[in-house]
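Dear colleague,

Please find below the structure that I am handing over to you. My notes on what was found in it follow directly after.

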Amino acid sequence: MKSYHRIPRRTKQGLVITVTCLCLGLFWPWNALAIPQVSPVSSGCLGCHNSATPGIVLDWFKSRHATVTVEEALQKPVIEKRVSITEAPRGVSQTAVGCAECHTASPEKHKDTFDHNGYRVHIIVTPEDCAACHPVETNQYDRNLMSHAYGNLNNNPVYHSLLDSVNGMQSFQNMKTALKTPDAETNADSCLYCHGTAVKVNGLKKRGTSLGEMAFPVLSGWPNQGVGRINPDSSLGSCTSCHTRHSFSIEMARKPETCSECHKGPDVPAYNVYMVSKHGNIYSTLNGEWNFQAVPWTLGKDFKAPTCAVCHISSVVTHAGAVVSERTHAMNDRLSWRLFGLIYAHAHPLSPDTTIIKNKAGLPLPTELTGEQASEYLIDAKEQEKRLKTMERPCLACHSTDWVEQQFNRFENTIKTTNEMTLSATRIVSTAWEKGVARGLAQNDSIFNEAIEKKWVEQWLFFANSTRFASAMIGTDYGAFANGRWYLSKNLQEMSDLLECKLQGMKKEKRP
Amino acid sequence: MKSYHRIPRRTKQGLVITVTCLCLGLFWPWNALAIPQVSPVSSGCLGCHNSATPGIVLDWFKSRHATVTVEEALQKPVIEKRVSITEAPRGVSQTAVGCAECHTASPEKHKDTFDHNGYRVHIIVTPEDCAACHPVETNQYDRNLMSHAYGNLNNNPVYHSLLDSVNGMQSFQNMKTALKTPDAETNADSCLYCHGTAVKVNGLKKRGTSLGEMAFPVLSGWPNQGVGRINPDSSLGSCTSCHTRHSFSIEMARKPETCSECHKGPDVPAYNVYMVSKHGNIYSTLNGEWNFQAVPWTLGKDFKAPTCAVCHISSVVTHAGAVVSERTHAMNDRLSWRLFGLIYAHAHPLSPDTTIIKNKAGLPLPTELTGEQASEYLIDAKEQEKRLKTMERPCLACHSTDWVEQQFNRFENTIKTTNEMTLSATRIVSTAWEKGVARGLAQNDSIFNEAIEKKWVEQWLFFANSTRFASAMIGTDYGAFANGRWYLSKNLQEMSDLLECKLQGMKKEKRP
Amino acid sequence: MKSYHRIPRRTKQGLVITVTCLCLGLFWPWNALAIPQVSPVSSGCLGCHNSATPGIVLDWFKSRHATVTVEEALQKPVIEKRVSITEAPRGVSQTAVGCAECHTASPEKHKDTFDHNGYRVHIIVTPEDCAACHPVETNQYDRNLMSHAYGNLNNNPVYHSLLDSVNGMQSFQNMKTALKTPDAETNADSCLYCHGTAVKVNGLKKRGTSLGEMAFPVLSGWPNQGVGRINPDSSLGSCTSCHTRHSFSIEMARKPETCSECHKGPDVPAYNVYMVSKHGNIYSTLNGEWNFQAVPWTLGKDFKAPTCAVCHISSVVTHAGAVVSERTHAMNDRLSWRLFGLIYAHAHPLSPDTTIIKNKAGLPLPTELTGEQASEYLIDAKEQEKRLKTMERPCLACHSTDWVEQQFNRFENTIKTTNEMTLSATRIVSTAWEKGVARGLAQNDSIFNEAIEKKWVEQWLFFANSTRFASAMIGTDYGAFANGRWYLSKNLQEMSDLLECKLQGMKKEKRP
């Protein structure tokens, strides 16, 4: 039984390792593996990592990055291109995109750069690194709400207080619960897994390896691949949230299970809703015959029903070559409404940084507590209409104009009714605050930490959201009994009962 | 970038369009696509729709309807037949079943028929249309509870009140909630998605298209593909609920994900239960090797474990050619019990129209509120036994007679115990009504709109149902902690606490 | 239409059947089916069962048991072996492993052995039978907690009382609920499906078959394939829980859906957590290209991301042949913590029989009600560290040492915080017991049967477990809103409210 990692042999060091790895790398039969051209530096990486971390090396071997040179990628017709540059970055035109091409790029910008066997390597490859070949996608992603997911949660006092009330430890003493601020690891293990952590570099530490002692950066907020991660080069987000390293499979990015990592819970059940829709039904029964690799993606030929990517991201064409949808990593150019995460559904925010928003009551929220929109921070009706028309284009490849319009009218009706059911819940919790049986903003307390407040949160964060998603994607189960209207209506009755019970308790307390 | 839809060019009209489409259609290389014979009229449709709605055209190209003529379908041995006619309908024997064969059939019967470029076309293809080639299946389906799903919900005052209480808006004012009747779009976006809407035709309207202005029928209750849809030709249901247009793939219809569109929520978790059963486990790990296209369907060869279709619908044979199950679209010829949707499990109804049922208390329910069956409307024990024997036949292809009998005995025990746990919940809610802390039928109020009533509903609609499904299909998770016995027992304790709390509140109110 | 079962023809009996079956069996074209060598006795079985139970016969035809002789299996290199013997059991070396090789082995040990057409056959094949060729795996499994799942639940008074409170019928009379002991079939239909039943043999009974009347053993606790089943030969467990009969597909055993049969509910959501993790995401989108049959299993080549089996059971190697993990059916040699099923997470028990554990308070629990570990029954920190290192080995094939260490540090922090949130809930329920508003051990009552107690159970059995699984496998959804920290925090507030409400009610009752 061979052991392939973490056996410290302190006699081999520095140059010896480098040379050994390089030799191993240069003599490795890349051609036999259909790897066209590995740069000498990447060969060095592979020489050791082939045995140090064989899983990711084999994964990369199967990737397009390993099997196509940048020059070859550039020769494709525009519509088939996966890169958005017009000429190759210096020095990488004739090589595969290997370890070094990403992990040693712009070392000075990366605070996690360290000396590793003679190279300046950084651990975390960021959107900035990917922008060397994919600048358009990176720029688009910067305009995506997701790239700001860390700040939009963490730097908004209202949301930060929601995070605290979910992740903080609660003690029970003297007949009372008390809430402590959550520790950083708990936040990273909860909300920030998807929203992204702020990764910080705290010096270097030495560690024994199978090739002797080496120094590595000490990172906090790590591991993490959240969509709004604050990277050590100050860039935002992580392409590997969806384009999983190290094969970066477009098939994987295009399948809805990838989105489900962050869009499956009761707060954002997009995947679940999709899977009970007719489209999800077609996908789950017939996708074995589809082609998830083709660029561009031809509807009817490569796929029969939309996945998340079709409607929200991908470049889609007809079999006659007509463009149905242009690729976007901003996503919000197809989104007229913001359906989830906030108390009321509302027109999409103008800026992906939502911390700038203030409603009339002075709260950093896109609506008043009673639902009126903070319009100056949101897109107008004309822009909403434009985005809706863009979103509708793939629908119209199979459905009639009337079908599509009536579907979206129905959806907008659901936005209205779910907002109304949220307003009723808000009136109940507001009454609790006014009558003094719960403590809200006026009492300088969190609006998310008491039982009745948590029921109010579920009204919008779970049930109204679920009902809206169900309507948007016609996955109606989630608009009926599965966290949908049944719960909207039941929760409201329970809130009403709880308020009544609390008021009775208060009266009794006051009785002499 | 070409645009393929909704660009009004008002100069081309009427005859020009027809001729253009026809020419495009007649010169399209159908043979190269292995389309044997497209009728001239369908060629005309395809000529334009190939660019107007390319998704459904390509989908149809892959279908059996496109690749087999009716005559060829008729030549199969009986056991392999997918049509249930003995001779082809007039004029379609030598052609593929294309657009016109369905969308222009019997135009006078369809209220949604309209003039479309020289043809009398209707939008909604109904079971009546499908019956041209599949009359046996259509007749069977008419006896299926599902075909009556609209009326059974909407025309039953008790159920209608459940629908209202789920879908209606609730306001909160003066310390009270008030319920409004739901609007039609909300119902269509909720319960009626599965149950079906009543589709009505409200005249014509004109709309600009890429080929100029055209007139289209204005439909309400649309889009919808619910199993009990009331169609513009007065027929019931929609074959495309399961046989998704326009490829009508038998593979898709036979996979359980198709059933899951309507049988996944907490009220009817059949799919979820199946997926945690051993059978579901076999399906989900090994179905890549199965043949979902074969007719007849050979157990052990084409599939290894039952799916929903095997037990409930499909024609199944052994590798020696013995018939295990005959195809049924009535389904209830294999169903001895009605497990879900009602307060108590009970013998299956005699008629698929359940609005005719009345219990002794005069309510349109198949049992009393205390569980006794309204037997004259339900099948008797002998018919139950007969149906059970039919249902057991595929089981016996793998399991011993004892295994199967003990499994079904266990299941019938579970029907008994879950009914008993429902009865206890009914006693609690009845006490609440009697003591005046909730308002029921005697107070002329809905029995579904207060918090304690909603808990009672969950006892039977969610937890008892789930436990019974889990027992029937041996997906035990859903009979234990996943909406099963844990919740049956917990919910009862919470109802008891709530009743006590309400009674205390009432006493206090009365105190001077 | 032929009928293939249960048609009693009482004229054919005994010897006639045997001879007929034997003839049918001996003339069946096994070679054409690539069955190398079926023993004469198994040929006899197949002769009749080919038509009596064709599903399992065809299933077996596709199995490795049918297509490889024991001698061939023995000739594989050690690393590729699927058997753990060095020489074949007497008489089966040149034959396939057919019906008789398992169902007639050691007839004297099996209480369910009966005379069947001239053979001494037993119904239930047990781990003892499998040990003829797989003794190492059987021995390992005996050390697995799962093999003791029946006794650990049923023979532990605390747990038995949980089972009773979940499965027992509750009546409601005179304003009070009363709990009855559950019947055996209900337990078998609930907890014992996974934990295993105690299968007992209660004589023989005669039954008509298609070949005339025959006698069969009467079994109680049957059907069942639970992991801790008490078999009629006194052995524990069932290999077919995961290695589903009769193809015993390694592909199936290695796919996470197999584990999901018992590890999907809210009490143990391991599968759900996996499926929202990055690893589960990779599995669900790309597993079509993997090889689930290979032994040994090469990471990066045969699979790209771990499944349940990779981390917990399988023999895993690198493409260079280095052993990453040795196969184990004990599983706990890789488990340092016991995460679920108990009130607090704690170091793994020393013995798989946990009924021997007693805490300081005298309860059969591995911790005090306040969380301190009953250390003498649990593994120590050194053993925990050793197991962690074993568990980490596959991680390190793709991830850096720092990545892995920080991930497991984060996980251990989550164990600490979830235990803390359970302690707060325990303090609330303890207060209820002390103040007399709920009845606990001091009142000689179950601690699981009242509403506030059930909320306490959910705190640890659902929400703390879910949060820990989510952290362990980085399926964070289940540590945030899907039964994770949101519910931990909300449930505590509801318990606190409920306690307050109960105390107010009590005060009022006492008031004159």
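**Helix α18 of chain B**

In α18 of chain B, the buried residues are B:Gln384, B:Arg387, B:Leu388, B:Met391, B:Glu392, B:Arg393 and B:Pro394. Please keep in mind that this is a predicted model. The buried residues of this helix pack against other elements of chain B, namely α17 (308-312), β9 (323-325), β10 (337-338), β11 (346-347) and α19 (401-435). The length of α18 can also be checked. Helix α18 of chain B covers residues 381-395, which is 15 residues, and at 1.5 Å a residue it should span 21 Å.

**How chains B and C are related**

Two copies of a chain are related by a rotation about an axis and a shift along it. For chain B and chain C, the superposition takes a rotation of 120° with 0.0 Å of shift along the axis, and the RMSD is 0.0 Å. The two copies are thus related as by a three-fold rotation axis. The copies use different surfaces, since 4% of the contact residues of chain B recur in chain C. Which residue of chain B comes closest to the rotation axis? It is B:Cys501, whose C-alpha lies at 4.6 Å from the axis.

**The interface of chains A and C**

At this interface, 78 residues of chain A are in contact with 71 residues of chain C. The area buried between the two chains is about 6500 Å², and carbon and sulfur atoms give 54% of it. Nine salt bridges are found across the interface of chain A and chain C. One of them joins C:Asp402 and A:Lys205, with the closest N and O atoms 3.5 Å apart. Between chain A and chain C, 34 residue pairs are in polar contact. On the side of chain A that touches chain C, helix α20 (residues 451-473) of chain A gives the most, with seven residues.

**A residue in strand β6 of chain C**

C:Leu219 belongs to strand β6 of chain C, which covers residues 212-220. Is C:Leu219 buried or exposed? With a relative accessible area of 5%, it falls under the 20% cut-off, and C:Leu219 therefore counts as buried. Leaving aside neighbours within four places in sequence, C:Leu219 is in contact with residues including B:Gln406, C:Asp112, C:Ile123 and C:Val201. C:Leu219 and C:Ile123 are 96 residues apart in sequence, and their C-alpha atoms are 9.6 Å apart in space.

**Backbone features to look at**

Most residues other than glycine have a negative phi, and most peptide bonds are trans. The following places depart from this pattern.

- A cis peptide bond joins B:Trp222 and B:Pro223, with omega about 5°. B:Pro223 is found in the loop between β6 (212-220) and α13 (250-254) of chain B.
- In chain C, a cis peptide bond joins C:Trp222 and C:Pro223, also with omega about 5°. C:Pro223 lies in the loop between β6 and α13 of chain C.
- C:Met175 has a positive phi, near 65°. C:Met175 sits in the loop between β3 (170-173) and β4 (176-179) of chain C, and at 38% relative accessibility it counts as partly exposed.
- C:Ser234 is not a glycine, yet its phi is positive, about 70°. C:Ser234 lies in the loop between β6 and α13 of chain C and is exposed, with a relative accessible area of 55%.

With kind regards

Notes
Residues are numbered from 1 along each chain as its sequence is written. Chains are lettered from A and ligands numbered from 1 in the order in which they are written. This is a predicted model: local features need pLDDT of at least 70, side-chain atom pairs count only at pLDDT 80 or more; totals for chains, interfaces and linings use all residues. Side-chain values use heavy atoms; hydrogens and water are left out. Helices (H or I, at least four residues) and strands (E, at least two) are DSSP runs, numbered from the N terminus. Buried means under 20% relative accessible area, exposed over 50%, partly exposed in between (1.4 Å probe, protein chains only). Contact means heavy atoms within 4.5 Å. Copies are superposed by least squares on the C-alpha atoms of residues with pLDDT of at least 70 in both. The expected span of a helix is 1.5 Å times one less than its number of residues. Buried area is the accessible area (1.4 Å probe) that two parts lose on being put together, summed over both. A salt bridge is a side-chain nitrogen of Lys or Arg within 4 Å of a carboxyl oxygen of Asp or Glu. A polar contact is a pair of N or O atoms within 3.5 Å; within protein, one must be able to donate a hydrogen and the other to accept it, and residues adjacent in sequence count only if both atoms are side-chain atoms.
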